[in-house]
Amino acid sequence: MSTSTLIAGVLWLVALWRLPSLRHSRKQRSLALTLVALAAAMTFEVPPVKEAVDAAVGADARLSPLLKHLLGVTSAAYLLDFVIAVVRPQGLASRTRLVAAGVTLPLMLAFYALANWTSGGPVRLGEGRGALFPVLYMTVFTLYIGIAMVVATWLFLGGVRHSRTLLGKAGLGFLGLGTLLGSLYALQRIVFVTVQLASGTSYPALENLLSTTLKQATVLSVAVGVCLPPLSVAVEYVAAWSTLRKLRPLWVQLTEAAPYVVLATSVGRWRVRFRLERCVIEIEDACLALREYVSVDMHAKARRFVRQEGVAAQLSDAVAEACWLRAAVQSGWRPLKWCSRSWLMCAPGSPPRCPWWTARAP
């Protein structure tokens with residue numbers, strides 16, 4: 001399996017993974033279309049696909065490079081739209097970007113149709129009366145890609161510091177690296193064309209190596225950058241589920257004492273973050289409700305107990321609250337079956353020394 005085939009396969013996997021987000025927000029739609037266009041463009045790098053397309057329309061037509069470049073421009077336009085939606089939600093030169101893309105694509109089609117390309121290998125300058133049009137074609141294509149990648153790099157790297165998660169920062173960093181490599185790809189194309197025009201000397205092997213390497217590094221970096229932010233969402237999901245699991249026993253005990261604080265509306269099992277938020281709110285409401293069962297003397301007694309036990313200052317309020325909550329639950333004739341270590345700070349395996357403990361700890 002060739003490197004181009006492997007990269008195209010990876011891009012299609014990522015693109016298909018992100019395809020359902022087409023119906024979501026504008027930025028998600030732009031990202032999904034970026035990946036689809038990139039994957040389709042890299043597909044025309046696969047030798048069997050390129051040969052099949054050229055054979056279908058005729059070898060002299062050389063349709064596969066045109067399709068690849070048109071898809072490259074499309075992916076750059078959607079990527080720029082995505083980064084602006086993420087970093088600059090207020091917008092950035094939307095009319096200018098639309099006009100630039102709308103002018104670039106027709107010009108590329110016109111110059112490509114008028115050019116007389118040499119057969120095989122990367123696109124080069126033609127010979128004869130059509131020699132100017134390949135230069136104009138590559139100039140339009142390279143300028144659009146280069147400017148779009150420079151602007152995207154500036155926005156991606158500038159947005160790294162605003163991301164609130166480590167994986168989010170890493171994702172924007174990889175996307176910025178990918179667009180930076182895309183800028184270098186455009187720059188090396190300009191350098192080789194300039195050298196060939198100025199001196200008549202060409203370096204096809206070196207040009208092909210640099211072009212292919214930068215192109216593949218660009219798309220891989222973009223693919224990695226796209227995959228990292230969703231991983232941060234998965235990490236947050238697991239953390240929320242773990243916290244909810246730890247709070248569940250406390251929620252059960254407190255809502256047994258004050259069942260009227262539980263909301264009647266059901267919540268989907270997989271909406272973990274919403275369930276965690278609701279769990280915390282219901283615990284807080286139960287704590288407020290159970291204050292009715294606690295006198296001022298009981299609060300003072302709880303604080304005294306905390307001082308006598310030598311509880312650390314940063315934990316004293318939590319332990320005191322746990323003590324009067326125990327008393328409030330018992331006053332309401334709904335005793336707790338066990339005491340949450342997170343509230344009474346008990347050592348594992350040993351019952352806490354709370355004066356309202358009922359000796360039922362497991």
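1. The largest cavity holds about 340 Å³ of space. A cavity is a set of points, on a 1 Å grid over the protein atoms alone, where a 1.4 Å probe fits but cannot get out; grid points are joined across faces, edges and corners, and a volume is the space filled by probe spheres set on the points. The model is predicted: local features need pLDDT of at least 70 and side-chain atom pairs count only at pLDDT 80 or more, while totals for chains, interfaces and linings use all residues. Residues are numbered from 1 along each chain as its sequence is written, and side-chain values use heavy atoms, with hydrogens and water left out.

2. The largest cavity is lined by 23 residues (an atom within 4 Å of a point). Closest to its centre are L38, G72, S75, K215 and V219. Two or more lining residues come from each of α2, α4, α6 (132-159), α7 and α8, with α4 giving the largest share, 6 residues. Helices are DSSP runs of H or I, at least four residues, numbered from the N terminus.

3. By class, the lining of this cavity has 12 nonpolar, 8 polar and 3 charged residues. Nonpolar means Ala, Val, Leu, Ile, Met, Phe, Trp, Tyr, Cys and Pro; charged means Asp, Glu, Lys and Arg; the others, Gly among them, are polar.

4. The largest pocket (an open set with protein on both sides within 12 Å along at least five of seven lines) has a volume of about 660 Å³. Of its 26 lining residues, K27, Q28, V86, P229 and S232 are the closest to the centre. α8 (204-257) gives the most to this lining, with 8 residues.
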